[in-house]
Amino acid sequence: MDQKCLEEQITPYPICEYAWLSVGDISFLPQVRHICKTECPRYGTSWSCPPAVGTVEECESRCHQYAGAFLFTTMAEVADITDMEETLKTRKAHEEVTRQVGALMREQSEQIQILSAESCANCDVCTYPHAPCRNSEEMFPCIESYGILVTELAEKSGISFLSGGNIVVWFSLIFYV
């Protein structure tokens with residue numbers, strides 16, 4: 001991956017912070033999956049979430065097939081950060097940036113794996129587990145679904161994850177060969 005080239009290509013995008021990572025520096029924690037299972041209403045209902053993404057060990061093994069990873073954030077301002085519906089509406093713009101950055105990375109890498117924020121929301125009703133994903137090319141598994149604690153990864157990378165006020169920080173993580 002030509003990091004300098006990608007950095008130049010992403011300048012028009014509303015990316016706030018980013019970091020290049022070694023896959024070996026990313027922790028895959030079963031405890032994160034436990035949080036998915038016990039606290040997230042999307043657990044077991046989406047192709048982008050556990051158990052559909054595989055075990056934490058399988059996810060880690062998949063990620064270790066890549067040479068590196070690119071972590072980045074976008075931000076959105078909302079009137080009330082505690083209004084989850086309003087907050088989640090801002091995710092669509094982040095996902096579009098993620099798609100575009102993924103397309104740029106595909107120009108340089110024969111294979112990438114995109115992980116993004118939250119559970120996929122491309123379809124009104126997910127086909128999981130009764131039929132294959134309708135939009136597998138546009139469905140990005142959730143970073144946490146892979147057992148990756150975003151706050152820990154952000155701290156290791158020097159990326160802010162709490163901006164205060166009514167600012168939502170969205171993360172994406174793209175693995176590349």
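Which residues is Phe171 in contact with, leaving aside its neighbours within four places in sequence? In this predicted model, Phe171 contacts Leu71, Phe72, Thr73, His94, Ser116, Ala117, Ile143, Val150, Ala154, Ile159, Ser160 and Phe161.

**The nonpolar cores**

Phe171 also belongs to the largest nonpolar core, which has 24 residues. Together with Leu21, Ile26, Ile148, Leu173 and Phe175, Phe171 is among the residues that touch the most other members of that core. Two or more residues each come from strand 1 (18-21), helix 3, strand 2 (68-77), helix 6 (150-157) and strand 4 (167-176). The element that gives the most is strand 4, with 4 residues. Another core lies apart from this one; it has 15 residues, including Leu6, Ile15, Leu104 and Tyr176.

Helix 6 has four residues listed as buried: Val150, Leu153, Ala154 and Ser157. Viewed down the axis of helix 6, these residues fall within an arc of 100°, so they line one face of the helix. They pack against strand 1, strand 2 and strand 4. The other side of helix 6 has Glu155 and Lys156, which are exposed. After helix 6 comes Gly158, with a positive phi near 75°.

Helix 2 (residues 30-39) can be described in similar terms. Its buried residues are Val32, Arg33 and Cys36. Because they cover an arc of only 100° around the axis, they sit on the same side of helix 2. Helix 3 (56-63) is included in what covers them. On the other side, Gln31, His34, Lys37 and Glu39 are exposed.

A general rule bears on both patterns: an α-helix has 3.6 residues a turn, so residues three or four places apart point the same way.

|---|---|---|
| Helix 2 | Val32, Arg33, Cys36 | Gln31, His34, Lys37, Glu39 |
| Helix 6 | Val150, Leu153, Ala154, Ser157 | Glu155, Lys156 |

**Arg91**

Is Arg91 buried or exposed? Arg91, located in helix 5 (residues 91-106), has a relative accessible area of 8% and is therefore buried, since the cut-off for buried is under 20%. Not counting residues up to four places away in sequence, Arg91 touches Ala117, Glu118, Ser119, Cys120, Ala121 and Trp170. Ala117 is also among the contacts of Phe171.

Terms used. Residues numbered from 1 in each chain as written. Predicted model: local features only at pLDDT ≥ 70, side-chain atom pairs only at ≥ 80, totals over all residues. Heavy atoms only, no water. Buried < 20%, exposed > 50% of the residue type's maximum accessible area, 1.4 Å probe, protein only. Arc of directions from axis to C-beta. Contact = heavy atoms within 4.5 Å. Core = buried A, V, L, I, M, F, W, Y, C linked by side-chain atoms within 4.5 Å.
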